[in-house]
Amino acid sequence: MGPLSASPMGFGTWAWGNQFLWGYQESMDSQLQQTFNLAVENGINLFDTADSYGTGRLNGKSEKLLGKFISEIPGQKQVQNNIVIATKFAAYPWRLTPGQFVNACRASLARLQIEQIGIGQLHWSTANYAPPQELALWNGLVAMYEKGLVRAVGVSNYGPNQLVKIHDYLTARGVPLCSAQLKVGTKEKCEEYLNIIIEISDMASCGTESEATSHQSLDEDIAKVQFSLLSMGENQLEIKNICDSLGIRLISYSPLGLGMLTGKYTPSKLPRGPRALLFRQILPGLKPLLRSLKEIAERRGKTIPQVAINWCICKGTIPIPGVKSVKQVEENLGALGWRLSSDELLELEYAALESPQRMIQNIFQTRC
């Protein structure tokens with residue numbers, strides 16, 4: 001196998017098979033396949049999923065759909081081989097041994113119809129409620145890697161301390177930590193944070209437009225975090241600093257805040273389903289941020305989602321917005337090939353700090 005590399009933006013597939021939150025119906029499968037094909041045709045090769053994605057009898061449906069779509073990609077076999085699947089294994093209470101996590105990995109391989117997973121990840125840490133299970137999770141990752149079932153391993157929803165611990169543990173076992181997907185939702189110490197983001201933003205726009213379209217190497221360590229203008233906070237900054245110090249590349253999930261950073265919704269125009277409750281609570285406090293996103297989008301000839309995603313790219317991350325339609329793929333692709341300026345980055349970050357609401361904490365997120 002050659003080096004593991006990914007497009008500067010990937011796509012998430014949480015909605016594929018999720019009826020409760022995203023209103024999935026099996027009649028949508030043809031549309032989802034068109035969505036997938038369009039992404040691949042435009043150079044996107046990183047797709048994020050999980051063995052728990054899907055609701056009820058549809059558990060694992062996201063992986064099954066990805067497997068079907070990959071096997072039916074029109075064209076050369078090389079295109080299929082270049083797809084990087086990042087899937088996550090749930091820390092269910094009955095998964096207590098490394099062998100059970102290896103079995104979970106084999107089950108995902110069967111659903112995905114591939115011989116090797118690009119990045120195999122733990123979906124969350126059990127350190128807060130079942131510490132003895134944590135070591136079994138880590139050893140499960142090592143076993144997957146040593147058996148060649150995954151090309152790289154990673155974690156999801158790990159806090160700063162646990163991230164360092166598992167990084168050190170895996171390093172000692174000779175296994176590189178390739179991804180960590182974390183959710184950080186609150187903001188504290190605003191004045192201190194303002195000073196820090198000024199320093200970061202002074203350096204953030206030094207990349208080139210070509211770097212915003214070229215594939216990124218995943219052979220070095222990578223960390224996945226919830227990273228968006230809606231979720232800036234002290235913990236998030238600490239995690240980013242840890243990743244920088246350890247040479248870990250960040251992959252950012254929920255870059256559009258479940259849709260709140262698209263500009264498509266207002267307190268009087270809410271999405272259907274359970275998201276409406278969350279949007280009703282948070283949207284009224286996002287006026288400064290949404291106004292800034294709109295102003296920059298209009299100046300740039302871009303859309304609000306494109307600006308929000310480009311902010312993540314300019315901060316040195318690989319964003320993975322969720323997609324379930326051709327229109328969403330087309331719009332998100334417009335986030336590539338250009339970069340916000342340092343002044344624009346600061347404008348957005350000040351607006352985010354002026355907005356009193358933040359994304360709620362993920363119940364699976366380890367705080368430490």
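Predicted model: local features only at pLDDT ≥ 70, side-chain atom pairs only at ≥ 80, totals over all residues.

Student: Which side chain meets that of Asp244 in a salt bridge?

Tutor: The general idea is that side chains of opposite charge can pair when their charged atoms come close. Here the partner is Lys240, at 3.4 Å from N to O; the term salt bridge requires a side-chain nitrogen of Lys or Arg within 4 Å of a carboxyl oxygen of Asp or Glu. Lys240 is buried, with a relative accessible area of 11%.

Student: How many residues apart are Lys240 and Asp244 in their helix?

Tutor: An α-helix has 3.6 residues a turn, so residues three or four places apart point the same way. Lys240 and Asp244 are 4 residues apart in helix H9 (residues 234-246), which means that about one helical turn separates them. Helices (H or I, at least four residues) and strands (E, at least two) are DSSP runs, numbered from the N terminus.

Student: How many salt bridges does a search of the whole structure find?

Tutor: The search finds 10, and one of them joins the side chains of Glu331 and Lys264 at 3.6 Å, N to O. That pair links distant parts of the chain, since Glu331 sits in helix H13 (residues 326-333) and Lys264 in the loop between S10 and helix H10 (275-282), 67 residues apart. Glu331 counts as buried at 16% relative accessibility, whereas Lys264 counts as partly exposed at 35%.

Another salt bridge brings together the side chains of Arg299 and Glu347, at 3.1 Å from N to O. Because Arg299 lies in helix H11 (residues 287-300) and Glu347 in helix H14 (residues 342-354), this pair ties together parts that are 48 residues apart in sequence. Arg299 counts as exposed at 51% relative accessibility, and Glu347 counts as partly exposed at 27%.

Student: Turning to strands, which residues of S10 lie on one side and which on the other?

Tutor: In a regular strand the side chains alternate between the two faces of the sheet. In S10, Arg249, Ile251 and Tyr253 are on one side, with Leu250 and Ser252 on the other, and all are buried, so that both faces are covered. Strand S10 (residues 249-253) is therefore largely enclosed by the rest of the structure, 5 of its 5 residues being buried.

Student: In which sense do S10 and S11 pair?

Tutor: Two strands pair if DSSP finds at least two bridges between them. S10 and strand S11 (residues 317-320) pair in the parallel sense over 4 bridges, and within this pairing Ile251 stands opposite Ile318 in S11.

Student: How many residues of helix H12 are buried?

Tutor: Helix H12 (residues 304-314) is mostly covered, with 11 of its 11 residues buried; among them are Pro305, Trp311, Cys312 and Cys314. After H12 comes Gly316, whose phi is positive, near 90°.

Student: How many disulfides does the structure hold?

Tutor: A disulfide is a pair of cysteine sulfur atoms within 2.5 Å, and the structure holds 0 of them. Cys314 is in no disulfide, the nearest cysteine sulfur being that of Cys312, 9.4 Å away. Cys314 is buried, with a relative accessible area of 3%.

Student: What joins the side chains of Glu72 and Gln33?

Tutor: A polar contact of 2.8 Å joins them. The term covers a pair of N or O atoms within 3.5 Å; within protein, one must be able to donate a hydrogen and the other to accept it, and residues adjacent in sequence count only if both atoms are side-chain atoms.

Terms used:
Residues numbered from 1 in each chain as written. Heavy atoms only, no water. Buried < 20%, exposed > 50% of the residue type's maximum accessible area, 1.4 Å probe, protein only.
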